[in-house]
Amino acid sequence: MNAKVVLTVGCIAAAAALCVGSALVGAQTPTASASPSQIPDLGGIWDGTTRARPVNSERVPWGKENFPELNERALAYQKVFDEALSPKYDCQPSTSPAIQYDPYSMQVSQWPDRVVFRYEKDDQVRTVWLDGRKPTIYDWGIQGFSVGRYEGNALLVETDHFVFDITGFDDYNGIPSSQLKKVRERYWREGQELRATVTVEDQLFLRKPASYTTRWLPQRPGYQLSAWDCDPETSRAPVRMMPQKYK
Amino acid sequence: MTSCRWTALGLAAALIATVPVIAHHSSAPFYDATKKIEAQGPVTKLLLRNPHSFLYFESEVNGKKVEWQVELGPAASLTRTGWTSDTLKPGTIVRVSGQPSRAEGSFGMCCARITRPDGSPITPGGRVTEEQQPPGGGLSR
């Protein structure tokens, strides 16, 4: 074995040791703040269709009791809002706090250093980091950047780094959300059900935080999420049926 | 008793053929929920897609042939309840009643009830709709 080979093998071994070390650190971190008995079993495929809850609309899940208090800026945006502008008609995915309430299924995978939410609607994947990492300048996006921790048999998630979205509050009320939007989620088990309280704050549009609580039921055994594969042509097709607000 | 049963069956048939538009947008800016229209003609195409599926069929309006665009639910929901792209093949005559579109000169409908011309369901067993919402629903806040 010559010196070059020894050096190469040594480097590979060192790299492998580093990788294993990192994985162990990652594996230790989430349990540092919660004992295994405090980590709820949230994994699986969860049914958020009409079996579990009323379908979303102008008044669901934001009804009389929890509709957000909009500031003047939000009201002004709402007044000039044009449905044709809505990016969903060009397949832009839904964002928090709406995507959690879309009436489809979602898959939750709990790993030592992260929890992954995969939504059937819009083929969206959200990663909730449990390892204490911080967002970088590259982490802005429609789903933002999420960190979380287990506490009191619940998963607590905090998300920021959202990009501005003209319909970033919900699909129905023409309320935008800004780059300062923050969403807090709390997930817990209630018997067979998965429940969550979703709270949104946005100092550029909302006078105070607003929240809703919802639930999912376990999907039937063997269910697999289907691909959404949004079709741009049919996505915009309804807009032809609407009188144009602006010429 | 028999007449009650037939009334119930008739109501069920009407329900199972009704295809709601859900989850993606409000129908109000596009369709007038205070009006109802009905048209009949051959299917030209059925697009089972997300976020909306569409049924297209032709009929005559004021002596002129027009193509109707009927907005249906997303493929993700319709396929769960038995729809396939062969459910309504081109040439199949359908009777469609629903809310008319609002844009001037447009021929669209939503929230439609789709049957064969004699009013019978379009698939054997008629299982072509979204699941009904449970009474009282779930938690909303």
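**Figure legends: close-up views of a predicted two-chain model**

**View 1. Strands 5 and 6 of chain A form an antiparallel pair.** In this predicted model, strand 5 (residues 145-151) of chain A lies alongside strand 6 (residues 154-160) of chain A, and seven bridges join the two. One residue pair can be located within this pairing: Ser146(A) has Thr159(A), in strand 6 of chain A, as its bridge partner. In general, strands of a sheet pair through backbone hydrogen bonds, in either a parallel or an antiparallel sense.

**View 2. Strand 1 of chain A pairs with strand 2 of chain A.** Strand 1 (residues 44-47) and strand 2 (residues 105-110) of chain A run antiparallel and are joined by four bridges. Among the residues involved, Asp47(A) has Ser105(A) of strand 2 as its bridge partner.

**View 3. Strand 1 of chain A also pairs with strand 9 of chain A.** The pairing of strand 1 with strand 9 (residues 210-218) of chain A is antiparallel and rests on two bridges.

**View 4. Nine strands of chain A close into a barrel.** The strands follow one another in the order 1-2-3-4-5-6-7-8-9, and their pairing is mixed. From one strand to the next, the twist averages 30°. Chain A as a whole contains three helices and nine strands, arranged along the sequence in the pattern α-β-α-β-β-β-β-β-β-β-β-α. Of its 247 residues, 34% count as buried. Among the contacts in chain A with a separation of 6 or more, 61% link residues 24 or more positions apart.

**View 5. Chain B is in contact with chain A.** The contact involves 32 residues of chain B and 39 residues of chain A. On the side of chain B that touches chain A, the residues comprise 12 nonpolar, 13 polar and seven charged.

View 6. The pLDDT of chain B averages 77, and 70% of the residues score at least 70. The model scores ipTM 0.79 and pTM 0.81.

Terms used. Residues are numbered from 1 along each chain as its sequence is written. Chains are lettered from A and ligands numbered from 1 in the order in which they are written. This is a predicted model: local features need pLDDT of at least 70, side-chain atom pairs count only at pLDDT 80 or more; totals for chains, interfaces and linings use all residues. Two residues are in contact if their C-beta atoms, placed from the backbone, lie within 7 Å. Ala, Val, Leu, Ile, Met, Phe, Trp, Tyr, Cys and Pro count as nonpolar, Asp, Glu, Lys and Arg as charged, and the others, Gly among them, as polar. Two strands pair if DSSP finds at least two bridges between them. Axes are lines fitted to C-alpha atoms, for helices over the stretch in contact, and angles run from 0 to 180 degrees between N-to-C directions. A residue is buried if 20 or more other C-beta atoms lie within 10 Å of its own, exposed if 12 or fewer, and partly exposed in between; C-beta atoms are placed from the backbone. pLDDT is the predictor's confidence in each residue, from 0 to 100.
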